[in-house]
Amino acid sequence: MKFLSASFLILVLVLLFGSKSPVLAQSVQHLAVPQLGGLPGAPVMTGAAKLTNGLQLTWDGPSGYYQVFQKSNGLKAAWIALGRATNLSRTATITSLYSNAFFRVSGPAPKYAGSKVCISCHLGVCRYETNTPHASAFSSAKFMASGGQTNASCLPCHTVGYGLATGFVSATATPLLGGVQCENCHGPAASHAAASDDPTVRPRVEIAATVCGGCHHASNTSYTNPPTFEQWIGSDHAAVTPDALRAMAASTTNLNTCGVCHSGSARLALINAQNPATTVAHDYNLPITCAVCHDPHSTNGGPVQLRGPVSSTNVFHLAGTDVASVTAFTNKYALSTNINLCAQCHNDRAAAWTDTASAPHRSAQYNFLLGSVGELSDGSAAFNPGSHAGLPESADYSVSGTFYLTNQCAACHFSALTSGGAHSHTLQPAYAVCAKCHDPAPALAYLKPELTNRVSTLIFYLNRWAAIKAPASLRTNGVVAWEYTTPGGLSWQTNALGYVTSWAPGSAVNFTGPNAAGQSLLSANYPNVLRARFNLYLVLNEGSFGVHNPSFALSLLSAAQTWMIQELNK
Ligand code: HEC
Ligand code: HEC
Ligand code: HEC
Ligand code: HEC
Ligand code: HEC
Ligand code: HEC
Ligand code: HEC
Ligand code: HEC
Ligand code: HEC
């Protein structure tokens, strides 16, 4: 048979006990576990999950036709082909089962071509990709000097298809297969190059982090490598927060509105000018993977190939209108090539004190760093960067000529200081960075209680105002007069004197904020209350306890406090 000419087999013994793995119906199949060298060149079994009516087998491997076989308990029993050799999806549901069965899958043999073959048709990609550090991973001076070229333990991650038929053998036998190339990430593609219009052998475009994780993972004794994949998978970027998942499940509009920052697949679709609603409707649960921040083909952003710079000083927001359509996003993205990569998601979404529906989102870090969001006593904050914004004015705080915060967010959250010289992907701020300027090291312990103190005072004033000064119509049972329509989570229940008797953050107790009519009443007559609640939520939701811009955070809370004292004295 044509497609099975050199069949590659995997064997699995499935005991029909054990737990059912969470396979989402209709969800797109991604490489489930990292495989040495990137995208597997030969089939590997990745899952066997018990279903109510049978078994779901899942495997990975190059694109092409697969055939599943089953053998009953007896080792001498014959292999029985299940269905036909036309499985393209790398998963099969098996309903007629033996209690102890063996399974086998045969599929396309790996056929590697090397990236030179791709150039004639994919010039745009090849022109840049072949100049990245990946392309010289075999020929670099360091790799050669360390004897890597002839050390079998190094070759799986520094060459194409090492150990597989048609893959790398040696520098002399397969001179075109050294280095990390297209086929490490897309799978063997010679069949595709020979028949580019055959959709069944079109190489895969896998954006899951497992592809990179097949090489970018922790060291073993024969080589040293930073544990990038392990750090990433333990970070908040490795999962889509459940509330955003629920929102995206509820409406395709939210695939743009929330997915642009929360879903890796939705974001990459938008970046590639595709509509998430048609391309990733069942695939939005893919988080912020490596390829969301790193462009594997580009040489922009230096050797680290980031999709944006690590620092910028332009004020930036991603407003709702910027994601309302693919075109709107494309236009905005084209204008944001000079904006800090992190800021493209960690921005205030154009939140303003006049908003009434809900509190500012938890994403305002970039604007906070620049001091460009919030209300100061003399008007809306335009640009008030502090000493942590990495601007040249602060260069006198450099140590031996090195200014430690020029990389802004990355300087603290992707520091190489605590990760053995490689950039950490845990997202945890490296307190070793603080010690470069602060002696004694970090002042966080000072700022946090100070901030908490001011926050409590402010909440007390707001509650007191709600109890004694708010319009009577907003003092009905259960309504917290100063809150957003959807309360931001700080709604305290107060007694008649405005003293806090219980509070709700994260608890099941639900308080409501004023409805639209109530908000209009507030906007018309009590703008200072709106400003105060905005500053309050901004400082708290921003999440750094003021560290991103210490004196600015305190100014916002002071201004709010002053306004509330004025209101209470009216
Ligand atoms: C003869 C021309 C030709 C050659 C040679 C060729 N490709 Fe392609 N490739 C295509 C065409 C045409 C498509 C389909 C584009 C489409 O439908 O959007 C494609 C699609 C792809 C895709 C999938 C894109 C997608 O969006 O799904 C990948 C990945 C790819 N090629 C990689 C390679 C690699 C790697 C090589 C070299 C080993 C290669 N191609 C060689 C013409 C070629
Ligand atoms: C599990 C896959 C894997 C194996 C096996 C592996 N490497 Fe690497 N190697 C990598 C990755 C990934 C990087 C890039 C790491 C980074 O920059 O974070 C790398 C980088 C390097 C570099 C470049 C370092 C620099 O600073 O420029 C050298 C040299 C190197 N490896 C040598 C070797 C040698 C020698 C062996 C065998 C003893 C080996 N590697 C085995 C994955 C691997
Ligand atoms: C380090 C991994 C990696 C390498 C090496 C790599 N790619 Fe890709 N490629 C990806 C990822 C991830 C995507 C999807 C993300 C995106 O669209 O930017 C992609 C997307 C593509 C696409 C479809 C979208 C597009 O940008 O046109 C094509 C075609 C493609 N790659 C071809 C190639 C070719 C040809 C090479 C070798 C010259 C290559 N790739 C090397 C990871 C890689
Ligand atoms: C086949 C193994 C392999 C795969 C798959 C792979 N890489 Fe790499 N990567 C390497 C090696 C080896 C190097 C080191 C090259 C050198 O410096 O000589 C490297 C270097 C890099 C660098 C440059 C590091 C530096 O210090 O300059 C980045 C960034 C990177 N890889 C990102 C990725 C991303 C993102 C993916 C997935 C889309 C990926 N890699 C997939 C092996 C791999
Ligand atoms: C401009 C980018 C952006 C957009 C658009 C966006 N978010 Fe977020 N969101 C973030 C960032 C960044 C964080 C994380 C901040 C942190 O961890 O401190 C966050 C945090 C959250 C959290 C809190 C998560 C937690 O673990 O505490 C929820 C819930 C959330 N977002 C839901 C949504 C929903 C629902 C939408 C769409 C209506 C949405 N977001 C739109 C960037 C965005
Ligand atoms: C594609 C959008 C996106 C980009 C780009 C992005 N982030 Fe995030 N980040 C998020 C979202 C969304 C969350 C919240 C995830 C959650 O709570 O589930 C988050 C969470 C975080 C957290 C919170 C971790 C914690 O423990 O709560 C930190 C810190 C962070 N990001 C830093 C960065 C830095 C630094 C950069 C730039 C190098 C960056 N992010 C780039 C979207 C992004
Ligand atoms: C001076 C170092 C520094 C810089 C620069 C910096 N951060 Fe932070 N960041 C911190 C510290 C310290 C915290 C508080 C962490 C804690 O609570 O333990 C923090 C908290 C956060 C959080 C909240 C984490 C959580 O647990 O919810 C996010 C998100 C975040 N930073 C993202 C960013 C982004 C995005 C930038 C750039 C715009 C940035 N940070 C710049 C040090 C820094
Ligand atoms: C939120 C964005 C983001 C994500 C997601 C991300 N990275 Fe990075 N990566 C960065 C930043 C920022 C740097 C450091 C850039 C700097 O400061 O020069 C970096 C650095 C690197 C480096 C260079 C290491 C060094 O020490 O120089 C490699 C290799 C790398 N990343 C690979 C990966 C891999 C593999 C994944 C997925 C497992 C990944 N990255 C996910 C933003 C990201
Ligand atoms: C490049 C030098 C530099 C680094 C690195 C740095 N800071 Fe600062 N920090 C300053 C300067 C200068 C000030 C005082 C001026 C101001 O408030 O803006 C300051 C002020 C502060 C304050 C306000 C209270 C005070 O003592 O003045 C806190 C809290 C703080 N830093 C915490 C941190 C933390 C936490 C880190 C590490 C995550 C850090 N800083 C890293 C330079 C730095």
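Modeller: A polar contact here is a pair of N or O atoms within 3.5 Å; within protein, one atom must be able to donate a hydrogen and the other to accept it, and residues adjacent in sequence count only if both atoms are side-chain atoms. The model is predicted, so to speak of local features I need pLDDT of at least 70, side-chain atom pairs count only at pLDDT 80 or more, and totals for chains, interfaces and linings use all residues. Residues are numbered from 1 along each chain as its sequence is written, chains are lettered from A and ligands numbered from 1 in the order in which they are written, and side-chain values use heavy atoms, with hydrogens and water left out.

Let us begin with ligand 9. Around it are 15 residues, and Ser387, His388, Cys434, Cys437 and His438 come nearest (a residue is near a molecule or strand if one of its heavy atoms lies within 4 Å of it). The side chain of His388 has an N or O atom 2.7 Å from a nitrogen atom of ligand 9, and a polar side-chain atom of His438 also lies 2.7 Å from a nitrogen atom of the ligand. Ser387 instead places a polar side-chain atom 2.9 Å from an oxygen atom of ligand 9. Helix H17 (431-434) and helix H18 (444-468) each supply at least two residues of this shell; helices (H or I, at least four residues) and strands (E, at least two) are DSSP runs, numbered from the N terminus. By class, the shell holds 12 nonpolar, 3 polar and no charged residues, where Ala, Val, Leu, Ile, Met, Phe, Trp, Tyr, Cys and Pro count as nonpolar, Asp, Glu, Lys and Arg as charged, and the others, Gly among them, as polar.

Next comes ligand 7, with 16 surrounding residues, of which Gln365, Cys409, Cys412, His413 and His548 are the closest. A polar side-chain atom of His413 sits 2.8 Å from a nitrogen atom of ligand 7, and His548 has one at 2.8 Å from a nitrogen atom too. Tyr431 brings a polar side-chain atom to 3.4 Å from an oxygen atom of ligand 7. Helix H15 (365-370) and helix H16 (408-413) are the elements that give two or more residues to this shell, and H16 gives the most, with 4 residues. The shell around ligand 7 divides into 8 nonpolar, 8 polar and no charged residues.

Ligand 4 has 18 residues around it, the closest being His134, Asn184, Cys212, Cys215 and His216. Its nitrogen atoms are again the ones to watch: one is 2.7 Å from an N or O atom in the side chain of His134, and one is 2.8 Å from such an atom of His216. Helix H3 (155-158) and helix H6 (209-213) each supply at least two residues of the shell, which has 10 nonpolar, 8 polar and no charged residues.

Finally, some helix packing. The axes of helix H11 (residues 264-271) and helix H14 (residues 326-335) come within 9 Å and cross at roughly 80°. Axes are lines fitted to C-alpha atoms, for helices over the stretch in contact, and angles run from 0 to 180 degrees between N-to-C directions. H11 and H14 are therefore roughly perpendicular to each other; that label covers 65 to 115 degrees, with under 35 roughly parallel, over 145 roughly antiparallel and the rest oblique.
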